[in-house]
Amino acid sequence: MGEAADVRGVIEANAALADVVKASDEDLQWLYGAGEEERACAAFLQRGALLAVLTRGADGATAFTAAGRIDVPGAPTDVADTIGAGDTFSAGLIDGLVRLGVLTPSAGGAADGAGEAARERLTALGAEQVTALVRHAAQLASVTVSRTGANPPWLHEIGDRLDGSLAGPSGTSTSKKVEQ
C-alpha cells in the first residue's frame with residue numbers, strides 16, 4: 001500500500017465523496033498516528049460524510065454524525081479469527097441502512113435524485129436508529145469472528161439476531177424474522 005503519507009490524500013479524497021465512511025482504529029492509527037482516530041472521523045464529516053463509524057474490535061464502535069457521537073459496545077463473542085470482521089461490519093451497515101429505509105432500489109439511478117433523497121433520509125436518522133444500525137453491524141461482525149476464515153453470516157443465521165430496532169423514518173421496521 002505504501003507509506004501513510006503517500007496514500008492519505010487519496011483516502012481523504014475518496015472519503016469526501018462518500019456519505020458513510022467506516023474505518024478501524026488500526027487503519028486510522030496507521031494513517032494519522034495513535035490518538036488521532038476521532039479527529040480523523042471528525043474530518044471525514046467536515047469533508048462531506050454524513051456518518052463516520054470508527055470500529056475498535058472487541059471494544060465496540062463509535063458513530064459520528066453532525067448531531068454528535070454515539071458509542072456502541074462490542075458484541076460479546078468467543079473470537080476464533082478476525083479475518084473478515086471489518087468487511088462484515090461494513091456489510092452490516094449497508095444491510096442496516098436498507099432495513100431503515102435509507103437505501104432503497106431506484107429505477108432511474110442517480111439522475112432521478114435518489115442519491116439526494118437517500119442523503120436526506122440518512123441525515124434524518126435519530127440517535128436510537130444510529131445506535132441500532134451500529135449495533136446491527138457489530139452483531140453481524142461478531143458472527144464472522146466466532147468462526148475461522150472470512151465466513152460471514154447467512155441471512156438464515158441472523159434472523160434471530162434482528163431485534164426489530166431497525167425501523168425506518170415512518171417508524172415501521174423492514175426487518176423480518178427468518179423462519180429457521
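Helices (H or I, at least four residues) and strands (E, at least two) are DSSP runs, numbered from the N terminus. This is a predicted model, in which local features need pLDDT of at least 70 and side-chain atom pairs count only at pLDDT 80 or more, while totals for chains, interfaces and linings use all residues. Residues are numbered from 1 along each chain as its sequence is written, and side-chain values use heavy atoms, with hydrogens and water left out.

**Figure 1. Overall fold of the protein.** The secondary structure comprises 7 helices and 4 strands. Along the sequence, these elements follow the pattern α-β-α-α-β-β-β-α-α-α-α. Of the 180 residues in the protein, 38% are buried (buried means under 20% relative accessible area, exposed over 50%, and partly exposed in between, with a 1.4 Å probe and protein chains only).

Figure 2. Side chains of opposite charge can pair when their charged atoms come close. A salt bridge is defined as a side-chain nitrogen of Lys or Arg within 4 Å of a carboxyl oxygen of Asp or Glu, and the structure holds 8 of them. In the pair formed by R47 and E12, the closest N and O atoms are 3.5 Å apart. R47 lies in the loop between helix 3 (37-46) and strand 2 (51-55) and E12 in helix 1 (residues 4-16), so the pair ties together parts that are 35 residues apart in sequence. R47 is partly exposed at 35% relative accessibility, whereas E12 is buried at 17%.

Figure 3. E36 pairs with R39, and their closest N and O atoms are 2.6 Å apart. E36 is partly exposed, with a relative accessible area of 25%, and R39 is exposed, with 57%. E38 forms a salt bridge with R69, in which the closest N and O atoms are 2.6 Å apart. Because R69 belongs to strand 4 (residues 68-72) and E38 to helix 3, this pair ties together parts that are 31 residues apart in sequence. R69 is partly exposed at 39% relative accessibility, and E38 is partly exposed at 30%. A network of salt bridges links E38, R56, R69 and D71.

Figure 4. Rolling a probe the size of a water molecule over the atoms shows where empty space is left. On a 1 Å grid over the protein atoms alone, a pocket is an open set of points where a 1.4 Å probe fits, with protein on both sides within 12 Å along at least five of seven lines; lining residues have an atom within 4 Å of a point. The largest pocket holds about 590 Å³ of space. Its lining consists of 26 residues, of which R56, G57, A58, A85 and V145 lie nearest the centre. At least two lining residues come from each of strand 1 (20-24), helix 2 (25-32), helix 4 and helix 6 (127-145). By residue class, the lining has 10 nonpolar, 10 polar and 6 charged members.

Figure 5. T55 is located in strand 2. This residue is buried, at 10% relative accessibility. The C-alpha atoms of T55 and F89 are separated by 8.6 Å, although the two residues are 34 residues apart along the chain.

Terms used
Grid points are joined across faces, edges and corners, and a volume is the space filled by probe spheres set on the points. Ala, Val, Leu, Ile, Met, Phe, Trp, Tyr, Cys and Pro count as nonpolar, Asp, Glu, Lys and Arg as charged, and the others, Gly among them, as polar.
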